[in-house]
Amino acid sequence: MHPEPRVFRFVQPHENEYENPWKESFKHLYKGIHVRPGFQEMYMDHSRGRRLRGRDMTCFETIEQAYSFVDAEEIESPLILVHSGLYQGEYLFVDTNVSIIGAAPGNVIDHVVIERESESTVMFVEGAKEAYLGYVTLRFSPDITSTVPHHKHYALEVTENCSPVVDHLRIRSSSVVGAAVCVSGSGADPVIKHCKIKDCENVGLYVTDYAQGSYEDNEISGNALAGIWVKNHANPIMRRNHIHHGRDVGIFTFDNGLGYFEANDIHNNRIAGFEVKAGANPTVVRCEIHHGQTGGVYVHENGRGQFIENKIHSNNFAGVWITSNSDPTIRKNEIYNGHQGGVYIFGEGRGLIEHNNIYGNALAGIQIRTNSNPIVRHNKIHHGQHGGIYVHEKGQGLIEENEVYSNTLAGVWITTGSTPVLRKNRIHSGKQVGVYFYDNGHGVLEDNDIFNHLYSGVQIRTGSNPLIRKNKIWGGQNGGILVYNSGLGMIECNEIFDNAMAGVWIKTDSNPVLRHNKIHDGRDGGICIFNGGKGILEENDIFRNAQAGVLISTNSHPVLRRNRIFDGNAAGVEITNNATATLEGNKVFNNKFGGLCLASGVNPKQKDNVISGNHNMVQRAVSRGQCLYKISSYTSFPMHDFYRCRTCNTTERNAICVNCIKSCHAGHEVEFIRHDRFFCDCGAGTLNNQCQLQGEPTQDTDTLYDSAAPMETHTLRVN
């Protein structure tokens with residue numbers, strides 16, 4: 001059927017709208033110029049030199065003869081019908097508005113084959129504004145023994161200032177250079193649709209030199225080089241193409257190539273599904289780029305591009321690679337189930353990464369390294385088998401308003417000289433740390449919500465020195481902030497609350513600065529400093545914590561200035577285990593166990609502190625003759641004199657309060673140990689004798705002199 005210019009359809013008789021489809025079909029056959037090798041005598045009476053009656057149709061042996069005829073006769077809207085046959089060596093240089101269509105039984109393109117060995121098989125040039133070619137097979141099969149170079153010879157060539165329709169072709173080139181199809185030059189604007197460009201030994205489709213065109217519903221597969229090249233300001237529109245199983249990249253835009261690519265299915269190519277290089281700037285919308293044997297999208301060497309609403313998944317390497325000063329926009333995509341990471345930005349890459357859903361990848365959802373500096377915002381990065389965002393090797397980046405959650409390792413890692421800025425993110429529900437600074441990781445962490453991690457909300461270690469400011473950090477099962485192994489950091493104006501362990505831990509030679517924070521309602525202590533921890537704590541409000549507001553232990557020596565430590569369920573400040581401190585201008589009040597509690601041998605420097613209005617429940621319990629377990633249970637550690645009973649064979653992990661020594665262990669051989677933090681094992685019911693000052697025993701547990709140690713992450717670096 002030929003319902004309109006440059007539209008031809010082969011349909012079954014029952015699938016058309018005509019009353020007599022055979023008559024309609026015959027009209028086109030009758031008006032057409034036929035190419036039917038060996039059948040010319042069916043149309044001519046050679047004895048009289050004229051066509052046979054009833055067969056007033058023109059027939060030629062070759063396509064070239066038919067084309068010369070319609071060109072010379074200047075036939076309006078000429079139609080050439082090419083019947084079954086192998087047409088070799090034809091010179092088809094189309095510069096008129098001719099329509100050439102295969103005509104054969106069955107699958108037409110299997111029976112109409114046009115092949116050439118020396119130059120391009122079919123070439124459309126200026127003048128072919130409304131030409132048509134359809135339902136044939138084109139082959140370019142150069143003689144391998146020939147010395148003629150074929151890098152500019154193609155199965156199909158469309159040059160400047162022409163716009164043919166190319167429809168339902170099978171196209172193949174066995175040349176190891178060039179391409180099967182080349183569209184080049186300003187004004188080259190074909191429609192190429194429903195074609196199969198398969199198993200070529202070079203590039204499938206090559207669009208270059210300011211050419212445009214519409215390319216729809218084609219299958220491009222199994223080619224030795226790229227399925228599609230777009231180069232040198234070419235700007236095609238490509239929709240609904242199936243580009244797969246190539247032996248190189250799927251689509252390659254380079255040297256300032258452009259293009260609009262929509263709803264293409266790109267998969268199982270040996271290199272990237274889509275590559276952008278050297279100033280290229282394509283727009284890629286609603287494509288599916290998947291199961292690549294390397295990565296999904298690769299943007300490098302100053303590449304740009306807009307990747308919008310694509311599905312990028314199940315690639316062997318990263319879903320998106322950005323490197324070498326490239327600056328694409330990656331927006332509203334789903335990037336998932338990669339065998340490595342989601343988005344990988346390295347080698348001074350940039351890019352705007354926004355509104356993407358990145359999940360289920362084997363490595364980090366987003367990785368930023370080697371001086372790269374992207375903008376990452378409004379993404380969801382979740383359920384990764386590794387971490388959420390990994391910034392390392394002097395990586396940078398503005399990372400804001402993302403939701404990072406439910407990742408297997410850290411929500412965000414920052415390491416090795418990196419300095420990103422993270423603002424207004426929600427980082428939560430991870431299986432390890434929320435934000436992890438290590439090995440000289442720096443940067444700014446500001447105005448984020450960090451909550452409900454299995455480890456700490458934030459960890460800082462090994463020379464890292466970030467600015468942690470105005471964040472809300474809560475619900476950590478292993479504390480709010482942990483600074484350890486020589487970690488630093490400026491931690492200011494944060495709200496740290498409702499963590500299962502200490503709000504802030506400082507240990508092992510770490511020396512952060514904490515200013516103007518509110519650390520409250522912790523399920524353990526407020527700030528815990530131990531194992532040689534240091535730090536400057538200034539003008540913080542530390543209140544309503546279940547354990548000590550500040551616990552200083554094991555050779556630590558912090559400086560506390562002008563803090564308010566109040567309304568705690570245990571002591572305000574406790575110093576123990578050979579630790580000391582400098583305490584200046586602090587206000588410690590309304591704490592249950594006391595204001596400042598010092599273990600044996602502890603002598604801090606004190607100046608201008610106001611310690612008042614504390615409840616001193618420990619001393620009250622002692623004066624009333626009560627067992628100290630009555631006020632502590634096994635969850636708190638009041639500070640007072642404690643003893644051991646040699647008669648009861650207590651170990652160094654046991655402690656007995658003074659009133660139980662007097663009552664429960666009267667007449668036993670007892671030993672004073674020191675004034676320190678403990679709970680009473682006699683009252684807890686863990687000794688052989690039942691406590692006479694306490695009710696029924698509770699659970700069997702050993703005394704702990706310090707809060708439980710925080711869990712340090714064992715996250716491994718992955719480069």
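Two strands pair if DSSP finds at least two bridges between them. Strands here are DSSP runs of E with at least two residues, helices are runs of H or I with at least four, and both are numbered from the N terminus. The model is predicted: local features need pLDDT of at least 70, side-chain atom pairs count only at pLDDT 80 or more, and totals for chains, interfaces and linings use all residues. Residues are numbered from 1 along each chain as its sequence is written, and side-chain values use heavy atoms, with hydrogens and water left out.

Start with the antiparallel sheet. Three strands form an open sheet in the order β74-β73-β75, with antiparallel pairing. Its edge strands are β74 (656-657) and β75 (670-677), each of which pairs on one side only. Strand β73 (residues 639-645) runs antiparallel to β75, and 7 bridges join them. Within this pairing, Phe 642 has Arg 674 in β75 as its bridge partner. Strands of a sheet pair through backbone hydrogen bonds, either parallel or antiparallel.

Pro 638 comes next. This proline is found in the loop between α5 (629-632) and β73. Its relative accessible area is 0%, so Pro 638 is buried; buried means under 20% relative accessible area, exposed over 50%, and partly exposed in between, for a 1.4 Å probe and protein chains only. Pro 638 and Arg 677 are 39 residues apart along the chain, yet their C-alpha atoms are separated by 5.4 Å. Contact means heavy atoms within 4.5 Å. Leaving aside neighbours within four places in sequence, Pro 638 is in contact with Phe 593, Val 618, Leu 628, Ser 632, Asp 676, Arg 677 and Phe 678.

Now the cysteines. A disulfide is a pair of cysteine sulfur atoms within 2.5 Å, and the structure holds 0 of them. Cys 660 is in no disulfide either; its nearest cysteine sulfur, that of Cys 627, is 3.6 Å away. Cys 657 counts as buried, at 0% relative accessibility. Cys 660 also counts as buried, at 0%.

Strand β64 (residues 550-552) pairs with β67 in the parallel sense over 3 bridges. There, Val 573 in β67 is the bridge partner of Val 550. Strand β70 (residues 594-598) also runs parallel to β67, through 4 bridges. Gly 594 in β70 is the bridge partner of Ala 571.

A cavity is a set of points, on a 1 Å grid over the protein atoms alone, where a 1.4 Å probe fits but cannot get out; lining residues have an atom within 4 Å of a point. Grid points are joined across faces, edges and corners, and a volume is the space filled by probe spheres set on the points. The structure holds 3 cavities of 30 Å³ or more. Leu 560, Ile 565, Val 573, Leu 583, Asn 586, Val 588, Leu 596, Asn 609 and Ile 611 line the largest cavity.

Finish at helix α2 (residues 63-73). Ile 63, Ala 66, Tyr 67 and Val 70 are buried there. Seen down the axis of α2, the buried residues fall within an arc of 100°, so they line one face of the helix. The arc is that of the directions from the helix axis to the C-beta atoms. These buried residues pack against strands including β1 (33-35), β4 (58-60) and β5 (79-83). Just after α2, Glu 74 takes a positive phi of about 50°.

Technical notes. On a 1 Å grid over the protein atoms alone, a cavity is a set of points where a 1.4 Å probe fits but cannot get out, and a pocket is an open set with protein on both sides within 12 Å along at least five of seven lines; lining residues have an atom within 4 Å of a point.
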